[in-house]
Amino acid sequence: MLDLTVNIDKVKMEQICRQQIAERIKEFDADLVFWDSAELRRRTCMSWSTIQATFFFDPRFPKRKVRGKWYYPAQETRAFLEQWLAEY
């Protein structure tokens, strides 16, 4: 009979898992060129009225209206939201 023992460094394993998750999130975000209003609401966890009351009319907020529908460039919008939250 053969005994096999495996030791796992829990801290290192957690670090590897976090790194892999961060890479997958970055890949997912890179897939989207722009967001629509539904995606903006989903990403911010805010209602449309809250978005309008807080940052929608900020002149720095990147948005484009195409045939009556708002679109937001994904990378620019994410950067703006991170900056906006840091300032809030």
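Which residues make up the largest nonpolar core? Before the answer, keep in mind that this is a predicted model. The core has eleven residues in all: Trp-35, Leu-40, Ile-51, Phe-55, Phe-56, Phe-61, Tyr-72, Ala-74, Phe-80, Leu-81 and Trp-84. Two elements give two or more residues to this core, namely helix H3 (48-56) and helix H4 (74-87). Of these, H4 brings the largest share, with four residues.

Let's pick out Leu-81, one of the core residues. Set aside its neighbours within four places in sequence, and Leu-81 is in contact with Trp-35, Leu-40, Thr-44 and Phe-55. Trp-35, Leu-40 and Phe-55 are themselves among the core residues.

Now look at Thr-77, which sits in helix H4. Is Thr-77 buried or exposed? Its relative accessibility is 0%, so Thr-77 counts as buried, the cut-off for buried being under 20%. Not counting residues up to four places away in sequence, Thr-77 touches Trp-35, Leu-40, Phe-61, Pro-62 and Tyr-72. You've met some of those names already: Trp-35, Leu-40, Phe-61 and Tyr-72 are listed in the core.

Ile-8 counts as exposed because its relative accessibility is 56%, and exposed means over 50%.

How values were computed. Residues are numbered from 1 along each chain as its sequence is written. This is a predicted model: local features need pLDDT of at least 70, side-chain atom pairs count only at pLDDT 80 or more; totals for chains, interfaces and linings use all residues. Side-chain values use heavy atoms; hydrogens and water are left out. A nonpolar core is a set of buried Ala, Val, Leu, Ile, Met, Phe, Trp, Tyr and Cys residues joined through side-chain atoms within 4.5 Å. Buried means under 20% relative accessible area, exposed over 50%, partly exposed in between (1.4 Å probe, protein chains only). Contact means heavy atoms within 4.5 Å.
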